[in-house]
Amino acid sequence: MKKSESRYKKDQLFSAPKESVDAFRFDETVTEVFHDMIQRSVPGYATILPFIGLIATEYAQDNTTLYDLGCSLGAATLSMRHQVTAKACNIVAVDNSEAMVSRCIENMSKDDTSFPVSVHCKDIQQTHINNASVVVVNLVLQFIAVNERATLLKKIYDGMNPGGVLILSEKLHFDDDHHQNDENSENQIQTHLHHAFKRAQGYSNLEISQKRSALENVLIPESLDVHLSRLKKAGFSQAFVWFQCFNFSSIIAIK
Ligand SMILES: C[S@@+](CC[C@H](N)C(=O)[O-])C[C@H]1O[C@@H](n2cnc3c(N)ncnc32)[C@H](O)[C@@H]1O
């Protein structure tokens with residue numbers, strides 16, 4: 001991403017007071033600032049990315065396809081492209097935002113690695129998965145309707161080769177013994193710390209609260225238990241957390 005970094009503007013989309021906040025969409029406006037937005041909004045994002053390439057390198061099998069589902073600007077694709085050493089592999093990157101896809105194609109063409117990548121503007125729920133040794137779903141499942149998540153994961157599982165890996169990163173919701181609005185509940189504490197991270201990245205309280213409103217009913221987080229049991233139910237023999245920073249986590253699931 002380094003070469004094109006300067007092309008991305010600072011995220012100020014929620015800095016001015018809005019009379020009403022529209023539902024969040026991955027449109028042109030968000031695409032322009034996305035590189036800055038995700039780094040300053042997701043604690044641990046900058047750590048997860050290089051590790052996606054590292055994990056993919058361990059699991060990529062010769063003559064297979066690596067999928068980046070919900071690729072946005074192609075950050076995870078580039079991490080795999082720069083690290084994976086398996087022979088005769090290709091990467092399929094998919095996103096249903098036209099703006100993201102066109103910027104992703106541009107980013108791939110500026111990258112001088114020869115590892116074959118194809119970028120598709122498509123719904124990942126309609127994307128055929130086949131001969132996959134690595135599938136990355138980095139901060140994307142949270143945008144899929146809750147009742148459609150199991151079907152998507154089963155489809156991914158069915159399209160993977162034995163021994164392949166799914167890397168699934170998500171924002172988490174925490175259920176504990178406290179009422180979820182109780183300030184001592186884990187959910188409230190983790191949310192408080194996430195907002196502290198955003199303030200430390202330069203976001204104002206207004207930006208944090210307006211973005212939160214925009215994402216309400218668009219990004220639906222679930223608990224770690226729900227994710228892990230859904231992955232097991234889909235058939236994965238192993239599913240466990242390899243990374244967590246506050247209310248963001250990344251899971252490895254192995255077929
Ligand atoms: C938070 S971003 C993902 C970040 C990206 N994976 C990365 O590592 O930088 C979510 C992306 O998922 C895409 N998306 C959401 N729902 C989708 C769907 N049903 N099909 C394809 N892409 C989807 C959005 O357009 C957006 O680009």
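**Burial, packing and ligand shell in a predicted model**

Me: What covers the buried residues of α2?
Reply: The cover of the buried residues of α2 includes β1, α3, β4 (132-138), β5 (160-171), β6 (238-245) and β7 (248-254), contact requiring C-beta atoms, placed from the backbone, within 7 Å. Helices (H or I, at least four residues) and strands (E, at least two) are DSSP runs numbered from the N terminus. The model is a predicted one, in which local features need pLDDT of at least 70 and side-chain atom pairs count only at pLDDT 80 or more, while totals for chains, interfaces and linings use all residues. Residue numbers start from 1 along each chain as its sequence is written.

Me: Which residues of α2 are buried?
Reply: Ile48, Ile52, Gly53, Ile55, Ala56 and Tyr59 are the buried residues of α2. A residue is buried if 20 or more other C-beta atoms lie within 10 Å of its own, exposed if 12 or fewer, and partly exposed in between.

Me: How many residues does α2 have, and what span does it reach?
Reply: Helix α2 has 15 residues, and its first and last C-alpha atoms are 21 Å apart, close to the expected 21 Å; the expectation is 1.5 Å times one less than the number of residues. Helix α6 likewise has 15 residues and reaches 21 Å, close to its expected 21 Å. Just after α6, Gly202 takes a positive phi of about 100 degrees.

Me: Why is Ser72 called buried?
Reply: Ser72 has 26 C-beta neighbours inside 10 Å, so it counts as buried. It is found in the loop between β1 and α3, and its phi is positive, about 50 degrees, although it is not a glycine.

Me: What makes Asn63 count as buried or exposed?
Reply: Asn63 has 12 C-beta neighbours inside 10 Å and therefore counts as exposed. Asn63 lies in the loop between α2 (45-59) and β1 (65-69). Its phi is near 60 degrees, a positive value in a residue other than glycine.

Me: Why is His194 counted as partly exposed?
Reply: The count for His194 is 19 C-beta neighbours inside 10 Å, so the residue is partly exposed. His194 belongs to helix α6 (residues 186-200). Leaving aside neighbours within four places in sequence, His194 is in contact with Pro43, Phe246 and Asn247. Pro43 is 151 residues from His194 in sequence, yet 7.2 Å from it, C-alpha to C-alpha.

Me: How do you know that the protein chain is as compact as a globular protein of its length?
Reply: The protein chain comes to 8 helices and 7 strands. Its radius of gyration is 18 Å, close to the 18 Å that the globule rule gives for 255 residues, so the chain is as compact as a globular protein of that length. The radius is taken over C-alpha atoms, and the rule is 2.2 Å times the number of residues to the power 0.38. Of the 255 residues, 36% count as buried.

Me: How many residues surround the ligand, and which are closest?
Reply: The ligand is surrounded by 20 residues, the closest being Phe26, Gly70, Asn96, Ser97 and Asn138; the criterion is a C-beta atom, placed from the backbone, within 6 Å. Helix α3 (75-83) and strand β2 (90-95) each supply at least two residues of this shell.

Terms used. Two residues are in contact if their C-beta atoms, placed from the backbone, lie within 7 Å.
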